[in-house]
Amino acid sequence: MKSCIPKFLTACAATMTAFSTLAADTVKVGILHSLSGTMAISETSLRDVLLFAFDEINKQGGVKIDGKSYMIEPVIVDGASNWPLFAEKAKQLLEEDKVAVTFGCWTSVSRKSVLPVFEKDNGLLFYPVQYEGEELSKNIFYTAEAVNQQATPAVDYLLAQGKKKFYLIGTDYVYPQTTNLILYKYLLLHGISIENIGGGLRKDDSGKVISAGKYTPFGHTDYQQIVAEIKQFAAGGDACVINTINGDSNVPFFKEIAAAGLSPADCPVVSFSLAEDELRALPTKDLVGELGCWTYFMSLTTPENKAFLKNWASWIKTENHPGVMKEKRVVDSPMVLSYDGVYLWKAAAEKAGSFDVDKVRAALESGSISYPGPGVKITMTMNHHATKNVYMGETKANGQFKIVKTFDQVPGEPFQLKGLDEQLAKK
């Protein structure tokens, strides 16, 4: 009996050593989203899909670097819809937690808040949500839709449908303001007169238009007067609304639209921050025919999307992460672009053979990093933006979208204003 004890202790020691080695082979990855406040309606789902991607990769053996497999260890922080807090949390992730990469931010103001932190500490941020462009940082990779992958294709579609009047409305911060200024110039370039661009204009002292559209603060709830103005604007026909309202303010806005009797047949609304996830909180039976433009819709019938949705549904049933809701879960473009970002980063790190930010950046900038994602192939390019499909969709009663137009493999182009100014000057 005594002779077995040394063998037993030796076996235990070997097991403990193996466990310690396994525990050491991890890579910390940051999640930086609003899990509370007005933006939680959108951002908690991005946390969830990131956890899904991490679990999926870990189940497949982790991230393989230089012959070793690293399990992803998520570090989750709450930006709480508080833009200065986002910067504090970014600093925590980079300087205290030492994460290799961060996936996060929804609003452009949160992204701009953390940008100097990532640049100072040479961190790496993947940003997944449609945005206004006019920015390029060596420390950010934008899986997000640029303006030319959402807003201008949507306008092209509406122009082709015979729309001649465009009312611009959004939340009062950088993404809606800049996107609508781009669209104002884009509409002028395409023959729409100033009188037929609704929402109002703001000019500087020289008379130059510096803002176009109507804006409300985050969390705004009273849209009665604005919707009455939209109804009057649309009375002559051939009108539509470009909606860049963010967060839970979309709920009272669309309820007021429905109460005013504004139908998609009379005046369709195309939304750039409203997708399947947010539609769960809206009276979708009243919104049938309203429009969305994204680089992914849950209704896509590709083999990749079918497999993704099956795996997502299975994960939702069995996961045990705190705070993840299990009921009535859907998927939308920001979620898929978050998911795609994880796999693009994984592929780049494995190609680089390192988690070093400079080496991963070089791999991503090579143009050779692609992923056959749920929304079809996505490729990261040298300008830190992605090439991907763009889809126009009509809202259905079940909160899904019927795809009515596809723009194949559109490269993301972040800078639009200068080119539009030059084209308008030649008219």
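**Close-up views of a predicted model**

**View 1. V101 sits in a buried spot.** At 0% relative accessibility, V101 counts as buried (buried is under 20% relative accessible area, exposed over 50% and partly exposed in between, with a 1.4 Å probe and protein chains only). V101 belongs to strand 4, residues 101-104 (helices, H or I, of at least four residues and strands, E, of at least two are DSSP runs, numbered from the N terminus). Setting aside residues up to four places away in sequence, V101 touches K28, V29, G30, L124, F126 and W345 (contact means heavy atoms within 4.5 Å). For a sense of distance, the C-alpha atoms of V101 and K231 are separated by 46 Å, with the two residues 130 apart along the chain.

A word on reading these views: this is a predicted model, in which local features need pLDDT of at least 70 and side-chain atom pairs count only at pLDDT 80 or more, while totals for chains, interfaces and linings use all residues. Residues are numbered from 1 along each chain as its sequence is written, and side-chain values use heavy atoms, with hydrogens and water left out.

View 2. Strand 1 (residues 26-33) and strand 3 (residues 68-78) run parallel and are joined by eight bridges (two strands pair if DSSP finds at least two bridges between them). Within this pairing, K28 stands opposite E73 of strand 3. Strand 2 (residues 63-65) runs antiparallel to strand 3, with three bridges between them, and here K64 stands opposite S69. The hairpin of strands 2 and 3 has two residues between the strands, and D66 takes a positive phi near 50° there.

**View 3. H33 meets E43.** H33 lies in strand 1 and, at 1% relative accessibility, counts as buried. Its side chain makes a polar contact of 2.9 Å with the side chain of E43 (a polar contact is a pair of N or O atoms within 3.5 Å; within protein, one must be able to donate a hydrogen and the other to accept it, and residues adjacent in sequence count only if both atoms are side-chain atoms).

**View 4. The largest nonpolar core holds 103 residues.** F54, F103, F126, F253, W345 and F355 are the residues with the most contacts inside this core (a nonpolar core is a set of buried Ala, Val, Leu, Ile, Met, Phe, Trp, Tyr and Cys residues joined through side-chain atoms within 4.5 Å). Helix 11 (residues 333-352) supplies the largest share of the core, 10 residues. Take a look at F54: leaving aside neighbours within four places in sequence, F54 is in contact with V29, I31, I72, P74, F103 and V342. Apart from this core lies another, of 32 residues, including F166, L168, I192 and V410.

**View 5. Helix 11 is largely enclosed by the rest of the structure.** Of its 20 residues, 16 are buried, so helix 11 has the rest of the structure largely around it. The helix reaches 28 Å from its first C-alpha to its last, close to the 28 Å expected at 1.5 Å a residue (the expected span is 1.5 Å times one less than the number of residues). At the start of helix 11, a side-chain oxygen of D332 comes to within 3.2 Å of the backbone nitrogen of M335. G353 follows the helix, and its phi is positive, near 70°.

View 6. S211 is part of strand 10, residues 209-212, and is buried at 5% relative accessibility. A polar contact of 2.6 Å links the side chains of S211 and Q177. Beyond residues up to four places away in sequence, S211 touches Q177, L181, G200, L201 and R202. Strand 9 (residues 201-203) pairs with strand 10 in the antiparallel sense over three bridges, and L201 has A212 of strand 10 as its bridge partner. Five residues lie between the strands of this hairpin, where G207 takes a positive phi near 95°.

**View 7. Cysteines without a disulfide.** The count of disulfides comes to zero (a disulfide is a pair of cysteine sulfur atoms within 2.5 Å). C240 is buried at 0% relative accessibility, and its sulfur is 6.5 Å from the closest cysteine sulfur, in C267, too far for a bond. C293 is also buried at 0%; the closest cysteine sulfur to its own is that of C240, 13 Å away and too far for a bond.
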